[in-house]
Amino acid sequence: MIEAADKYEKELETLKCPDNDFWYRYELPVRLVRQNFVSVYEGGVIGKISIVVNEPACAVTEISQMVLSGDRRRRYMFGKDVMLFGRYLMGKYRKITFAVMTGAPIEEFHDRRAKRLGWNIAGTLRDEVRDGNGEWHDVKIYEWVNPDWRPENA
C-alpha cells in the first residue's frame, strides 16, 4: 500500500539501498530564479525576455520572449537582441534548455537560431501544452551544453 512518506520520515533517514548502489540516488540541486530583461530601441521597449535559471546547476531551464511592437524595423532589432542575448547566455551558463510549442510562428526562428548557434533539438514531447483554443500541441526541446564552461564563468 502506498502512503505519504512524511509519516515515515525518521525511518527513511536510516534506510539504505541493500547493495549501496549510487545509481538509485542522486542529488539534483535546484534553486530556480526568474530573471526578466527588456529590449530597448530608440528609447522605447520593443520586447521582453524572461529566463529561469537553476543557480546551483548553472543552467538556464526556460527562455520566453515576447516582441511588443508590430513595426518591422523594431521586430528586426528585437530578433537581433535575442540572438546577442543567446550568445551572452552561452558564455555564462553551463547548460541551456528551453521548449517551444510546435507549429508556433516562433518555432522557425528557434530552428534557425539553433542551427546557427550549434544547439541541439533534443526531442519532442507529444501533446504537452494546450493552446488558447483548448487544443493539445507537441513541444520541441532545444538544448546546448557549454563544452568550455568553468565555474568561474558564472
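What follows walks through the pocket, the cavity, the surface patch, the salt bridges and a few backbone details of this predicted model.

A word on bookkeeping: residues are numbered from 1 along each chain as its sequence is written, and side-chain values use heavy atoms, with hydrogens and water left out. Since the model is predicted, local features need pLDDT of at least 70 and side-chain atom pairs count only at pLDDT 80 or more, while totals for chains, interfaces and linings use all residues.

Empty space comes up first. Rolling a probe the size of a water molecule over the atoms shows where such space is left. Here the search runs on a 1 Å grid over the protein atoms alone; a pocket is an open set of points with protein on both sides within 12 Å along at least five of seven lines, a cavity is a set where a 1.4 Å probe fits but cannot get out, and lining residues have an atom within 4 Å of a point. Grid points are joined across faces, edges and corners, and a volume is the space filled by probe spheres set on the points.

The largest pocket comes out at about 510 Å³. Its lining counts 16 residues, and those closest to the centre are Arg75, Tyr76, Gly79, Phe109 and Arg112. Strand S3 (59–67), helix H2 (72–92) and helix H3 (105–117) are the elements that give two or more residues to this lining; helices (H or I, at least four residues) and strands (E, at least two) are DSSP runs, numbered from the N terminus. H2 gives the most, with 8 residues. By residue class, the pocket lining splits into 8 nonpolar, 6 charged and 2 polar, where Ala, Val, Leu, Ile, Met, Phe, Trp, Tyr, Cys and Pro count as nonpolar, Asp, Glu, Lys and Arg as charged, and the others, Gly among them, as polar.

Ile49, Ile63, Gln65, Val82, Phe85, Gly86, Leu89 and Arg113 line the largest cavity. S3 and H2 each put at least two residues into that lining, and H2 again gives the most, this time with 4. The cavity lining divides into 5 nonpolar residues, 2 polar and 1 charged.

On the surface, Val38, Val40, Val45, Met66 and Leu68 make up a nonpolar patch with about 450 Å² of accessible area together. Patches are built from residues with over 30% relative accessible area and no salt bridge, with like charges joined within 9 Å and nonpolar side chains (Val, Leu, Ile, Met, Phe, Trp, Tyr) within 5 Å. The areas themselves come from the Shrake-Rupley method with a 1.4 Å probe, and for residues only the protein chains shown count as cover. One of the patch members, Val45, is found in strand S2 (residues 44–54) and counts as partly exposed at 47% relative accessibility. For that scale, buried means under 20% relative accessible area, exposed over 50%, and partly exposed in between (1.4 Å probe, protein chains only).

Salt bridges number 9 over the whole structure, each one a side-chain nitrogen of Lys or Arg within 4 Å of a carboxyl oxygen of Asp or Glu. Glu107 pairs with Lys140, and the closest N and O atoms are 2.8 Å apart. This pair ties together distant parts of the chain, with Glu107 in helix H3 and Lys140 in strand S6 (residues 136–145), 33 residues apart.

Another bridge joins Glu108 and Arg112 at 3.2 Å, N to O. The two sit 4 residues apart in helix H3, about one turn of the helix. Glu108 is exposed at 55% relative accessibility, whereas Arg112, at 46%, is partly exposed. Glu3 and Lys7 also meet in a salt bridge (2.9 Å, N to O); Glu3 is partly exposed at 35% and Lys7 is exposed at 62%.

Glu42 has a positive phi of about 50° although it is not a glycine; Glu42 is placed in the loop between strand S1 (32–41) and S2 and is exposed, with a relative accessible area of 63%. Asp127, also not a glycine, has a positive phi of about 45°, and this residue lies in strand S5 (residues 120–130).
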